[in-house]
Amino acid sequence: MNASILILVFAGFFALLLLCFSVGWAVLEARRKKKVVGMLDAVAGKTIVTETTILKDATGSRASLIESILRNLDLANKVQTQIQQAGLDWSVGKLAVMMLASAAIGALLGLKAKVALVASASMVVLAAAFCILPYLYVLRKRSKRLAAFESQFPDALDFLARAMRAGHAFSVSLELLSDESPEPLAREFRKVFNEQNLGAPVETALKNLAERVPLLDVGFFVSAVTLQKETGGNLSEILNKLSYVIRERFKLKGQVKAASAHGRVTGLVLTVLPIATAMGLMMVSPDYLRTMADDPLGKWLIVAAIAAQFLGYLIMKKIINIKV
């Protein structure tokens, strides 16, 4: 087997393992946060209500063939939720078509730019790389939007507390907040106001907010409002204390992030450097690695190196991933 093709196969396999691990980690985090929200609901004594929504189904009344296939694989709902959390007006089918179009563009570029010195291998590598670009864009937009919402949330709680101290009802305070706040916070609270204004229970509207914005702070807010409506109390004071706790947690997260910055950069360099070095040697001097790739023992050494690299990535991620 050609040495360049073998190195590309191992590099692609390593990249696929990293992608699968990242997706699995995100799923585990989502389950953990959902479990915490469920515990908060149980503490609040929240009753089970019928889930209603006045929002338009983003997938449309007629699903495309690609959307139907993804729905059968139980992926459409998860991907559609990520798209909505990114603030994009896309459907799952549109994203799938964009990914296929990007893969076709990458394959065409692979014919011209032979990054793997072999046309077929170049087409496969560039097609796979270009295919995931639209999905990575969605994940990036989602991450930035949730981070922006999280940074705006303490000020929103203070706004609600001041509005209620001024004599406004909670529903009116939500309307004022949606009118005066920047995006993305204004859009999400406008949905909450519209849902409860058109007849949905406040608890249901807030539950939908927690599902659209899967942040721990939003779960605390929903539980606090629900508990106050059932047991009574000074909601404005509760919101003020909650905003104070959130800001203090932000400070602690900033300190932890600064303390772990060196470890995160080191982990990134140690993960990317071997792959970049192998790719560079394969393009500059392919004969340098061909001897090891052609040797039976050398192939196993390459496999062991990739496995050790992946294991090292997992260990470094576990070390620098500090929960706050």
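**From fold to surface**

Of the 324 residues in the protein chain, 35% are buried, where buried means under 20% relative accessible area, exposed means over 50% and partly exposed lies in between (1.4 Å probe, protein chains only). Please keep in mind that this is a predicted model, in which local features need pLDDT of at least 70 and side-chain atom pairs count only at pLDDT 80 or more, while totals for chains, interfaces and linings use all residues. Residues are numbered from 1 along each chain as its sequence is written, and side-chain values use heavy atoms, with hydrogens and water left out.

The protein chain has 14 helices and zero strands; helices (H or I, at least four residues) and strands (E, at least two) are DSSP runs, numbered from the N terminus. Among contacts in the protein chain with a separation of 6 or more, 68% join residues 24 or more positions apart, a contact being heavy atoms within 4.5 Å.

The largest nonpolar core has 30 residues, and Phe153, Phe170, Phe189, Val218 and Phe221 touch the most other members. Such a core is a set of buried Ala, Val, Leu, Ile, Met, Phe, Trp, Tyr and Cys residues joined through side-chain atoms within 4.5 Å. At least two residues of this core come from each of helix 6 (133-165), helix 7 (170-180), helix 8 (185-197), helix 9 (202-212), helix 10 (216-231) and helix 11 (235-259). Helix 6 gives the most, with eight residues. Apart from this core lies another, of ten residues, including Ala76, Val79, Ile83 and Trp90.

Helix 6 also holds arginine 145. Is arginine 145 buried or exposed? Arginine 145 counts as buried because its relative accessibility is 12%. A polar atom of its side chain lies 3.2 Å from the backbone oxygen of glutamine 85. Leaving aside residues up to four places away in sequence, arginine 145 touches Gln84, Gln85, Ala86, Gly87, Pro184, Arg187 and Glu188.

Finally, let's turn to the outside. The protein chain exposes about 18600 Å², of which carbon and sulfur atoms supply 67%; accessible areas come from the Shrake-Rupley method with a 1.4 Å probe, and for residues only the protein chains shown count as cover. On the surface, Met292, Leu297, Trp300, Leu301 and Val303 form a nonpolar patch with about 540 Å² of accessible area together. Patches like this consist of residues with over 30% relative accessible area and no salt bridge, with nonpolar side chains (Val, Leu, Ile, Met, Phe, Trp, Tyr) joined within 5 Å; a salt bridge is a side-chain nitrogen of Lys or Arg within 4 Å of a carboxyl oxygen of Asp or Glu. Helix 14 (residues 296-320) gives the most to the nonpolar patch, with four residues.

Notes:
Patches are made of residues with over 30% relative accessible area and no salt bridge: like charges are joined within 9 Å, nonpolar side chains (Val, Leu, Ile, Met, Phe, Trp, Tyr) within 5 Å. A polar contact is a pair of N or O atoms within 3.5 Å; within protein, one must be able to donate a hydrogen and the other to accept it, and residues adjacent in sequence count only if both atoms are side-chain atoms.
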